[in-house]
Amino acid sequence: MLQKLCRIRRSPAAFPCSALQRWTEITSRIRWTKTAGGASDRLGDSSLFNETLQIAAIGRHQGGRYYCKADNGLGSPAIRSIRVDVYYLDDPVITVHQSIGEAKEQFYYERTVFLRCVANSNPPVRYSWRRGREVLSQGSDTGVEIYEPFFTQGETKILKLKNLRPQDYADYSCISSVRNVCSIADKSIHFSLNNRTASPSIKLLLEDPLVVNPGETVTLVCVASGGDPAPTLRWVRTGVEELPRRSVVNGGTLTIPTVTADDGGVYSCMATNNVGNPAKKSTTILVRGLRKGRFWITPDPYHNDDNIQIGREVKISCQVEATPPEELQFSWLKNGRPLRSSERMVITHTDTDVSPGTTNLDIIDLKFTDFGTYTCVASLRNGGIPEISIDVNISSTTVPPELTVPRGRSHLIAQEGDTVDLQCLVSGKPKPIILWSRVDKEGAAAAVAAAAAAMMPDGSAQMESYDGVLRIANVSREMSGTYSCQTSQYNGFNVKPREALIQLVVQFPPIVEPVYTEIRQGLGRAFGLSCRLLRAHPARLLRYEWKLGSRLLTMGQFSDQRDDTDYHVRSLNREGYGEYTCDITNEAGAGRCTFLVTGKAYAPEFYYDTYSALWQNRPRVYGFKLQWTQMEPNAVDRIMAYRLGIRQIGQSRWWEQEIPMEGNIHKGELLTYNLTELIKPESYLVRLTPITRYGEGDATERIITYSAPVNPHLREFQCGFEDEAVCLFSQDKTDEFDWTRHSAATRDTKYTPNTGPSADHAGSKQGFYMYIETSRPRSEGDKARLLTPTFNVGSKSTYGTVTTNPTYCFAFYYHMYGKHIGALNVFLRQKSQTMTDTSVWSLTGNQGDRWRQAKVNIHPTTTFQMVMEGVRGSGIEGDIAIDDVTIEEGECKDPPPNNLRSLAPPTPPHIWQLCVTLSLALIGRRR
């Protein structure tokens, strides 16, 4: 059943050259997903659960295949997909290279050069090359070879210049094209190749490394020492996306005022000119400073005891990060007095190449007299930077740490949004830093799988606390889990870490779907609403409550076997329209499903592929064939009419009228309304609003822009010669005389009695027609040829090739009355490499004083015109007239059609055609 409810929907605003798929099943749960990129799968995105997925301002990375899943609990879910292609074309770039084996000091010494053109696009880009104004192609020049590598799928983009010649020093252009798909214009790039062309080279005017003090201004200077075209210079910082915010770049000069320790690192100057490889040179900025002073106490490693005892060894370690590390120096004090290394007080330092730097004080055979305060002092050898001092107390009260969790605080329950304090009590002297992390009790494999989710609130894997408290503000459900507090070796004892665990449970309101859905229904129909529970904590004692507005409809409690609740309306009445809500609640709050039930009709969808939509029969005005389909016409009550609004661009006044609809509109039917009396060359904003007994539905708008109807693609053409422009007919320049536009009311019959019509084909003396005047100076055999506009044939594919050879019916009315009538001939003129005229119809002699219709099938295979040739007979009573010329796609049919004509072109298989021709003019008068 669901397969029948799936159709393609054009959405010009969101997907100008793509399609969205629409699914309609009121009682089904609908969800959109995507294979990769594009639409996010966030639960808060309500459009993922609507029948129509809308993506505003779609980007190139949002193309791909979209899947719609519909589930109503009956059988297996229905799944359908639609591919969305986002078309684009970036500016092309030309890069110039020389084969590595041939490279010498001069870039073109060995005279083999490659020009490579690249542009990102969808669909794949096609490239063409020019040298000056000369178009280059494979084989057109023995010194030029155009590569077609296998990885480019036949697209030509690499130009090889073999044995570089003087004429090869020229301006080259690469033109990239996607064949005007989505009206994307071609783009081009130019490169001037000469005997000075070379890859870039640079040099740095500074020391490396550059050692500075905090607060100083650093200036890095990079200059180009070679390269043609002149290279572009830019600075980058290794491992960091951006340069320091305070930095100023002026060409190749980078200035960093008031430098800080965070500004240190490797800076690189890059030079590019799209010739050869970029040039790169780097330097290191070292900002002098001392950071992260820490200490730890290590009891005698030869005894299985974490306590400090008299007569045993104890080691005090001090660690500091220094920049530059070779300037780091340490000194020790005991109770404020300098301490030197001795047999019982052994002072050692790590190598200066090791960072961070560490110094150790080993106290051998600890005595009471050794108790006191030991101070580690770190400094830089050349001064200018404040020292770091770390005090460590060694006494009988110096004991290793112990870690506990306060009673009743090992299992915490909080609600989402609360502020939670996780606390571990630490004893001992000195008190160490406490390290907090999240743990997984399910084992190592599960820990790896959940690594991304087991981050701390600040996004890191571990957080430090000096008082043993971890505060989590605005706690979320993702913060549920087991937390570990652990003693670190820093600022404490270097012993086996002490650890305690705290379980945190975060309660949160139910998560439901759909969050919001709009449902359109007609009066008297039955429908159902379903609200589904996705997640909740706690997930027990869940209750639901259905309301319409503020009126309670039903309530109850979830069973263990169900995760959804339904509400059914047997017969919708007017009071049943409105906003339905379903609240599913637990101890932490409520999750709400919202359903807006309305009788508003969906918006109509304009049909943008109408062939020859614009016509022009009079010089100052034009007409436009407006076509549309109705989105889901059967979803609501019958559409009784459309309100048509039209406003000239640049003006504020709207004209409105109603277009009545008889009977039901079927899904996919193509509706047509002719707009007339539009003023050339103005553009108009058109708004169309469906009307049901519920009221007005959703409106849709489009802009109609005038363009001269030159060389239209032919589906239907008609001309009654009523306007001076004569429907863009033209006179042949190679004949003896011309056809004349006239009406019987103005025709002079003084010299030509007993010939010519007394009215046009419709019987009106004021109506116009075309005729040949055979009076003098015309002589027997003179010819007058009248040419129709030029037409393109058939449907065209994306890349402009004709996919079918259609048949057309050419019809016209003729009047051949008089004893000297000559001949009326019709030719099919096709424009290919040579222009050919093929006779398709001919008639001679007197046919009586009345209008007759002629029809003939034509089979053009290329651009064509119809030629109407009148031949003068033996005397002056030989006027020949024609009127009401038509060309329609398809075989000629009998009887001849009346004046009501369907202007709608054939549609794709998923659209059923309805042609409604209305003769009401735009401003209300009949045409």
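**Disulfides and nonpolar cores in a predicted model**

Counting pairs of cysteine sulfur atoms that lie within 2.5 Å gives seven disulfides. The model is a predicted one, and three of these links are walked through below before the rest of the chain comes into view.

Take the pair of cysteine 222 and cysteine 269. Their sulfur atoms sit 2.1 Å apart, and the two form a disulfide. The torsion about the S-S bond is -75 degrees, and the link is left-handed. This pair ties together distant parts of the chain: cysteine 222 belongs to strand β18 (residues 218-228) and cysteine 269 to strand β22 (residues 265-272), with the two cysteines 47 residues apart. Are these two cysteines buried or exposed? Cysteine 222 has a relative accessible area of 3%, so it counts as buried. Cysteine 269 comes in at 0%, so it is buried as well.

Next is the link between cysteine 719 and cysteine 727, where the S to S distance is 2.1 Å. Here the angle about the S-S bond is 85 degrees, and the disulfide is right-handed. Cysteine 719 has a relative accessibility of 1% and is therefore buried. Cysteine 727, at 7%, is buried too.

Cysteine 809 is buried, because its relative accessible area is 9% and the cut-off is under 20%. Cysteine 892, at 24%, is partly exposed.

Then there is cysteine 582, which is in no disulfide. Which cysteine sulfur is nearest to that of cysteine 582? The sulfur of cysteine 531 is, at 3.9 Å. That pair does not count as a disulfide because the two sulfur atoms would have to be within 2.5 Å. Cysteine 582 has 0% relative accessibility, so it counts as buried. Cysteine 68 is likewise buried, at 0%.

In soluble globular proteins, nonpolar side chains tend to be buried together. The largest nonpolar core in this model has 35 residues, and the members that touch the most others are Phe721, Phe729, Trp739, Phe810, Phe812, Leu824 and Ile882. Strand β63 (residues 808-816) gives the most to this core, with five residues. What does phenylalanine 812 touch, leaving aside residues up to four places away in sequence? Its contacts are Leu824, Val826, Trp841, Arg852, Gln853, Ala854, Met868, Ile882, Asp883, Asp884 and Val885.

Finally, the chain as a whole. How many helices and strands does the protein chain have? Its secondary structure comes to one helix and 68 strands. The protein chain has 927 residues, and 47% of them count as buried. Looking at contacts between residues at least 6 apart in sequence, 69% join residues at least 24 apart. The protein chain exposes about 46800 Å², and carbon and sulfur atoms supply 48% of that area.

Note on methods
Residues numbered from 1 in each chain as written. Predicted model: local features only at pLDDT ≥ 70, side-chain atom pairs only at ≥ 80, totals over all residues. Heavy atoms only, no water. Core = buried A, V, L, I, M, F, W, Y, C linked by side-chain atoms within 4.5 Å. Buried < 20%, exposed > 50% of the residue type's maximum accessible area, 1.4 Å probe, protein only. Helix = DSSP H or I, 4+ residues; strand = E, 2+ residues; numbered from the N terminus. Contact = heavy atoms within 4.5 Å. Areas by Shrake-Rupley, 256 points an atom, 1.4 Å probe, with all protein chains shown as cover.
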